[in-house]
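The following exercises concern a protein structure and are each followed by a worked solution. Please examine the sequence and the model before reading the solutions.

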Amino acid sequence: MITGFQSNPVPKPKGEQGNEHLRKRGRAGMAQRKRRLQAEPLCRHCAVQGLTTPSTVPDHIIPLKDGGTDDDTNIQCLCEQCHAIKTAIEAAQGTGASNHPDWLRPSAIPLTIVCGPPCAGKTTYVEQNAKPGDITIDLDALARKIDPSYRQWEGMLEGALLNSAIRARNELLGSLSRLKRGNAWFIVSAPTQAERNWWQDHLCGNTHLIDPGADECKRRAIQRGTPNAVKGIDEWHRRARQQWQPKGKAQTFTEQGRVVW
Ligand SMILES: [Zn+2]
């Protein structure tokens with residue numbers, strides 16, 4: 001028996017990132033997929049909301065391309081919709097436009113960074129406190145400006161639109177260091193204290209966290225007729241409990257697929 005080979009690293013096929021090369025393919029991959037779905041037949045994210053939905057996708061909690069392992073401990077089984085939401089959020093972080101551009105400079109005018117989950121009342125808070133001539137920076141408002149048919153938490157959000165909106169947001173955030181008058185308001189979900197600190201360190205504003213609690217946010221989501229936002233609220237709270245660090249260098253956005261919110 002030849003020994004020593006096992007410790008050799010698996011060669012990385014060209015163009016694959018992180019641990020993508022660990023992914024089992026072909027028959028072995030299919031058997032592994034079946035086994036994992038049998039082990040967790042109901043969607044984990046839906047279960048948190050008290051929903052019973054068959055799982056269809058064994059999902060890497062930390063994506064392989066980001067260095068996650070292919071062990072069962074890094075697997076959660078999800079339904080199609082929950083998987084699409086998770087993928088969309090990850091895609092937004094990996095688009096050509098950086099979600100957390102390092103080049104940002106401190107704001108030259110007073111800045112309030114308003115954070116919180118969907119339906120927390122961030123926009124309302126800014127509307128009530130902003131004065132005429134103030135600048136408000138909000139990714140969703142930018143997406144609506146770019147594509148007037150876009151409605152948050154309704155129907156489809158295209159990766160390309162998100163990418164354009166993030167670029168537009170970066171432009172506006174970059175302009176803050178050159179402004180002379182008025183106040184600035186920046187609306188961002190930022191579920192973790194670490195991310196809120198990151199924004200505060202780079203933009204030198206005050207952070208204002210609005211979180212009326214998941215139940216109240218969900219009640220508002222239903223009342224507004226955007227029940228999909230309930231998933232976003234759960235995602236926010238899930239992320240709030242996780243580690244956070246800014247993504248490294250921006251990657252090129254390759255998938256132009258549409259995702260369902
Ligand atoms: Zn689900």
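**Exercise 1.** Determine which residues of helix H1 are buried and where they lie on the helix.

*Solution.* Step 1: the buried residues in H1 are Gly29, Gln32, Arg36 and Leu37, where buried means under 20% relative accessible area and exposed over 50%, with a 1.4 Å probe and protein chains only. Step 2: viewed down the axis of H1, the buried residues fall within an arc of 130°, so they line one face of the helix. Step 3: the face turned away from the buried side carries the exposed residues Arg27, Met30, Lys34 and Gln38. Step 4: strand S1 (57-60) and strand S2 (75-78) are included in what covers the buried residues of H1; helices (H or I, at least four residues) and strands (E, at least two) are DSSP runs numbered from the N terminus.

The model is predicted: local features need pLDDT of at least 70 and side-chain atom pairs pLDDT 80 or more, while totals for chains, interfaces and linings use all residues. Residues are numbered from 1 along each chain as its sequence is written, and side-chain values use heavy atoms, leaving out hydrogens and water.

**Exercise 2.** Describe the surroundings of Ala221.

*Solution.* Step 1: Ala221 is located in helix H8 (residues 214-223). Step 2: Ala221 is buried, its relative accessible area being 0%. Step 3: apart from neighbours within four places in sequence, Ala221 is in contact (heavy atoms within 4.5 Å) with Cys119, Thr226, Pro227, Ala229, Val230 and Ile233. Step 4: Pro118 is 103 residues from Ala221 in sequence, yet their C-alpha atoms are 8.1 Å apart in space.

Notes: The arc is that of the directions from the helix axis to the C-beta atoms.
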